[in-house]
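Subject: Structure handover

Hi,

Here is the structure I promised to pass on. My notes follow it, so please keep both together.

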Amino acid sequence: MATGQLFSRTTQALFYNYKPLPIQRMLDFDFLCGRETPSVAGIINPGAEGFQKLFFGQEEIAIPVHSTIEAACAAHPTVDVFINFASFRSAAASSMAALKQPTIRVVAIIAEGVPESDTKQLIAYARANNKVVIGPATVGGIQAGAFKIGDTAGTLDNIIQCKLYRPGSVGFVSKSGGMSNEMYNTIARVTDGIYEGIAIGGDVFPGSTLSDHVLRFNNIPQVKMMVVLGELGGRDEYSLVEALKQGKVTKPVVAWVSGTCARLFKSEVQFGHAGAKSGGELESAQAKNQALQDAGAVVPTSYEALEAAIKETFENLVEGGKITPVKEVVPPQIPEDLSTAIKSGKVRAPTHIISTISDDRGEEPRYAGVPMSSIIEQGYGVGDVISLLWFKRSLPRYCTQFIEICIMLCADHGPCVSGAHNTIVTARAGKDLVSSLVSGLLTIGPRFGGAIDDAARYFKDAYDRGLTPYEYVEGMKKKGIRVPGIGHRIKSRDNRDKRVELLQKFAHTHFPSVKYMEYAVQVENYTLSKANNLVLNVDGAIGSLFLDLLAGSGMFTKQEIDEIVEIGYLNGLFVLARSIGLIGHTFDQKRLKQPLYRHPWEDVLYTK
């Protein structure tokens with residue numbers, strides 16, 4: 001493996017399995033280091049394509065999303081690092097697919113517990129093809145001031161405290177990602193900071209070893225000394241011992257193998273990582289520390305003494321003129337995310353939408369403050385849900401029953417009315433459910449459905465002003481306005497609309513007052529004296545009775561009633577009801593596999 005450094009200030013990576021937080025941390029590190037280009041060139045999210053919005057400093061950028069590794073590598077031919085956040089079940093397969101791409105040189109596998117047989121195959125392929133695997137079970141790695149993998153080095157505060165925004169003189173390698181974060185801090189306190197740091201991973205078979213990276217650091221001119229943190233279990237450290245004995249490492253190495261306390265236990269001990277398992281004497285921390293010291297590494301007497309050993313080694317190199325400490329620079333201020341700033345009380349941000357009817361932020365959604373579970377447990381019906389979401393209060397049961405009756409009575413009016421006709425034509429044109437439904441809904445207006453609103457408005461205005469039926473009807477006639485809610489194409493004085501009768505019967509039985517409906521009946525009596533078909537229709541019945549519901553329930557002020565009528569609540573009731581029928585017509589046409597509709601010629605009058 002040897003060769004030199006893995007990353008640079010222009011290194012870019014493909015990120016497998018979309019994880020917004022580690023990607024944003026990489027981009028924030030880029031900005032902190034003064035990189036000109038983001039280190040994440042693309043995201044691979046199997047089955048998805050498009051873009052993901054993230055921040056590069058204060059600028060919002062769109063990072064392309066690819067559905068396959070092959071497509072991503074083809075789209076970004078200069079990218080040579082693959083960061084794999086797949087689960088342990090799929091990490092091996094996706095990592096091998098990445099290694100087989102000619103453009104990919106380094107693969108970092110974050111998942112812990114990748115099957116050992118799979119890991120061995122990855123290692124063999126990587127070594128045979130001069131590629132590098134970091135992990136599995138790794139947090140990744142970092143080249144200070146240039147590039148970092150995922151969550152390496154933790155938060156921005158820790159990165160700044162560890163001076164990782166600019167390169168130092170120390171090469172660091174560890175098995176543990178968590179201990180890497182600790183050591184970055186330790187090294188920054190007593191030296192000019194790290195140049196590159198790698199966590200090889202805690203599984204039994206890491207893709208690259210401690211000695212692989214030490215030998216690589218030895219070839220990087222900017223790295224003047226190395227710090228190695230091993231752990232009990234396995235024999236990886238002995239390859240470093242051999243390299244030291246053979247004179248392959250020419251720069252000072254400060255090393256410590258953790259786990260010396262294992263001897264205090266009577267039985268075999270497992271320390272977190274799969275590879276940190278105390279076995280025979282050669283795998284003990286004491287044996288490894290002694291071997292490293294005998295080979296020429298600087299090995300302290302304890303972990304607590306490691307910081308002092310690093311400091312002394314660094315100061316000796318400075319005194320010998322081999323290190324000129326890096327001059328400190330002030331990193332740029334990373335803009336804080338709005339959500340974080342709001343939580344910390346640093347900013348006040350205006351909202352863009354107001355909602356008073358529902359809230360989904362808690363354990364379960366609430367309709368006007370009522371938990372979803374309560375709606376079901378208390379046996380609420382559709383009318384009760386409408387009362388909560390439309391009127392923001394629980395109306396009496398007779399009110400919600402009336403709403404449900406209106407929905408049932410208005411759900412459909414056959415295939416020939418304009419809404420159903422449009423829906424049928426659209427469905428037969430092969431359009432989807434939503435398109436078919438909307439095409440029908442778009443015909444709802446003052447002459448179809450919207451008449452409920454107008455009936456309520458005009459009946460209310462006439463009644464509240466004390467107009468007689470004669471004054472009301474004749475006044476509308478002078479204005480050239482048809483009386484809404486009066487008149488039917490089929491029904492007449494002798495053939496009453498059964499729906500109207502049912503609504504009137506329910507209201508007489510349950511409503512405290514039916515003054516608006518009685519006024520509508522008086523108007524009907526006058527219009528019937530003019531023509532036999534000028535009867536009160538279902539629009540007029542619902543419009544007048546809804547006024548009685550609002551006024552008689554005692555739950556609405558006069559101003560609220562005026563507002564409800566003006567806004568168009570009653571038209572909303574018709575839209576909701578008729579949607580049921582229009583959806584039915586769509587399904588009906590699809591089920592019957594009806595062909596494209598073409599209007600017959602004989603039904604068209606062609607004129608010049």
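The crossing of helix 8 and helix 9 is left-handed. (A crossing is left-handed if the near helix is turned anticlockwise from the far one by less than a right angle, and right-handed if clockwise. Helices, H or I of at least four residues, and strands, E of at least two, are DSSP runs numbered from the N terminus.) Helix 8 covers residues 236–245 and helix 9 covers residues 285–294; their axes come within 9 Å and cross at roughly 15 degrees. Axes are lines fitted to C-alpha atoms, for helices over the stretch in contact, and angles run from 0 to 180 degrees between N-to-C directions. That angle makes helix 8 roughly parallel to helix 9. (Angles under 35 degrees count as roughly parallel, over 145 as roughly antiparallel, 65 to 115 as roughly perpendicular and the rest as oblique.)

Helix 8 makes the contact through Glu237, Tyr238, Leu240, Val241 and Leu244, and helix 9 through Ala287, Lys288, Ala291 and Leu292. Contact means heavy atoms within 4.5 Å. By class, the contact of helix 8 with helix 9 has 7 nonpolar, no polar and 2 charged residues. (Ala, Val, Leu, Ile, Met, Phe, Trp, Tyr, Cys and Pro count as nonpolar, Asp, Glu, Lys and Arg as charged, and the others, Gly among them, as polar.)

Before you read on: this is a predicted model, where local features need pLDDT of at least 70, side-chain atom pairs count only at pLDDT 80 or more, and totals for chains, interfaces and linings use all residues. Residues are numbered from 1 along each chain as its sequence is written, and side-chain values use heavy atoms, with hydrogens and water left out.

Helix 9 also lies across strand 12 (225–231) and strand 13, running at about 170 degrees to strand 13. Both strands belong to an open sheet of 6 strands, ordered 9-8-11-10-12-13, with mixed pairing. Its edge strands are strand 9 (147–148) and strand 13 (253–258), each pairing on one side only. Strands pair if DSSP finds at least two bridges between them. Strand 8 (residues 140–143) pairs with strand 9 in the antiparallel sense over 2 bridges. There, Ile142 stands opposite Lys148 of strand 9.

The peptide bond from Gly135 to Pro136 is cis, with omega near 0 degrees.

A second sheet is open, has 3 strands in the order 14-15-16, and pairs antiparallel. Strand 14 (358–359) and strand 16 (370–371) are its edges. Strand 15 (residues 366–367) is joined to strand 16 by 2 bridges. Arg366 has Pro371 as its bridge partner in strand 16.

Now another helix pair. Helix 15 (residues 418–428) and helix 23 (residues 569–591) have axes that come within 9 Å and cross at roughly 35 degrees. Their crossing is right-handed. Residues in the contact include Thr423 and Ile424 of helix 15, and Leu582 and His585 of helix 23. By class, this contact has 4 nonpolar, 5 polar and 2 charged residues.

Gln12 lies in the segment before strand 1 (13–16). The side chain of Gln12 reaches the backbone oxygen of Pro38 at 2.7 Å. Beyond its neighbours within four places in sequence, Gln12 is in contact with residues including Arg35, Thr78 and Val81. Asn17 lies in the loop between strand 1 and helix 1 (20–33). Phi of Asn17 is near 80 degrees, a positive value in a residue other than glycine.

Best wishes

Technical notes:
Polar contact = N/O pair within 3.5 Å; in protein donor to acceptor, adjacent residues only side chain to side chain.
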